[in-house]
Amino acid sequence: ERDTTDALEHAVANGDATIAALGVERAALEGFRRQRDDLEQVAAQTRADLLGVLGEPSGLDAGVRIAPVSPLAAPPPAVDEILTRCLSRRLDIEGLRRGYDAQEARLRQAIIEQLPDLSIGVARQRNESSVDFLGGLVNVGVPIFDRNQAQVALESATRERLRHEYEARVVGTRASLDALTRVGQVIARRLPEVAASITPLRRIEETEADAADRGDVDRLVYQTVRTALVEQRLQEALLDQGLA
């Protein structure tokens, strides 16, 4: 793109090209520069985030090498195939499940506390004549008024709230997986089409590059093909990233 712009500037200066053609090429050059800058910023931010997760926020210059992502041999599986595994690995859902079990135990404890409080004991006394009195006692506390109903209701409501939160989280997870699966299926269909278009474009670009160097092909025409090739490669990279 830089070479084509320089050539057009030289041609405009000699009167062999129009300023309109130079303007189009200059705009394309600046567009590619913006894309390059954006990609460099994303790469730098992603690297910093990764090092932060790894516990090396200060080692931005550390030699961290990322293994390439293996291409998927098939489209993503159906939602039902991965939902069970997802639910068993999501820490937030596991936390809600354990919280529900703990609340179930609290509710049972509150129900048990409704039962009468029974205590049994032995009483022994001795008077001045050294006569011993020995007897037993039984105390029964009967919850006549509230029978611990307030605590039972509280624990029951808390358990119900946890159940609703768990069910809502499961529904949300299923919806997210369904959306990701649908997007993955679309990308999996689109990716081979984009990849197939790159090969013929690359061959044409290589042929026109040699012809442009010899002056047999207008450099602006060659640059149009090269721009299309670059855009298809960027599209392939974006689809690969989305599928991963």
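## Helices α4 and α5

Axes here are lines fitted to C-alpha atoms, for helices over the stretch in contact, and angles run from 0 to 180 degrees between N-to-C directions. The crossing of α4 and α5 is left-handed. A crossing has this hand if the near helix is turned anticlockwise from the far one by less than a right angle; clockwise makes it right-handed.

Contact means heavy atoms within 4.5 Å. On the α4 side, the residues in contact include Ile93, Leu96, Tyr100, Leu107 and Ile111. On the α5 side, they include Val152, Arg159, Leu162, Tyr166 and Thr173. The residues of this contact divide into nine nonpolar, six polar and nine charged. Ala, Val, Leu, Ile, Met, Phe, Trp, Tyr, Cys and Pro count as nonpolar, Asp, Glu, Lys and Arg as charged, and the others, Gly among them, as polar.

## The model and its layout

This is a predicted model: local features need pLDDT of at least 70, side-chain atom pairs count only at pLDDT 80 or more, and totals for chains, interfaces and linings use all residues. Residues are numbered from 1 along each chain as its sequence is written, and side-chain values use heavy atoms, with hydrogens and water left out.

The protein has six helices and two strands. Helices (H or I, at least four residues) and strands (E, at least two) are DSSP runs, numbered from the N terminus. From that end, the elements run α-α-α-α-β-β-α-α. Of the 244 residues, 20% are buried. Buried means under 20% relative accessible area, exposed over 50%, and partly exposed in between (1.4 Å probe, protein chains only). Among contacts between residues at least 6 apart in sequence, 61% join residues at least 24 apart.

## Helices α3 and α5

α3 and α5 pack at an angle of about 135 degrees, with their axes 10 Å apart. The two helices are therefore oblique to each other. α3 passes α5 in a right-handed crossing. Val79, Asp80, Ile82, Leu83, Cys86 and Leu87 of α3 make the contact with Val170, Thr173, Arg174, Leu177, Asp178 and Thr181 of α5. By class, this contact has seven nonpolar, two polar and three charged residues.

## The cores

A nonpolar core is a set of buried Ala, Val, Leu, Ile, Met, Phe, Trp, Tyr and Cys residues joined through side-chain atoms within 4.5 Å. The largest one has eight residues: Val79, Ile82, Leu83, Cys86, Leu87, Ile93, Val170 and Leu177. α3 (79–89) and α5 (149–214) are the elements that give two or more residues to this core. The largest share, five residues, comes from α3. A second, separate core of five residues includes Leu191, Val194, Leu239 and Leu243. In soluble globular proteins, nonpolar side chains tend to be buried together.

Ile82 is found in helix α3. At 18% relative accessibility, Ile82 counts as buried. Leaving aside neighbours within four places in sequence, Ile82 is in contact with Pro77, Leu177 and Thr181. Ile82 and Leu177 are 95 residues apart in sequence, yet 8.4 Å apart in space, C-alpha to C-alpha.

Thr181 sits in helix α5. Thr181 is buried, with a relative accessible area of 6%. With neighbours within four places again set aside, Thr181 is in contact with Pro77, Val79 and Ile82.

## Helices α5 and α6

Helix α6 spans residues 219–243. The axes of α5 and α6 come within 8 Å and cross at roughly 155 degrees. That makes α5 roughly antiparallel to α6. Their crossing is left-handed. The residues of this contact divide into 17 nonpolar, five polar and ten charged.

Ala150 lies in helix α5. Ala150 is exposed, with a relative accessible area of 59%. Ala150 and Ala110 are 40 residues apart in sequence and 9.4 Å apart in space, C-alpha to C-alpha.

Thr207 is also found in helix α5. Thr207 is exposed, at 53% relative accessible area. Thr207 and Val217 are ten residues apart in sequence and 9.9 Å apart in space, C-alpha to C-alpha.

Methods. Parallel < 35°, antiparallel > 145°, perpendicular 65-115°, else oblique.
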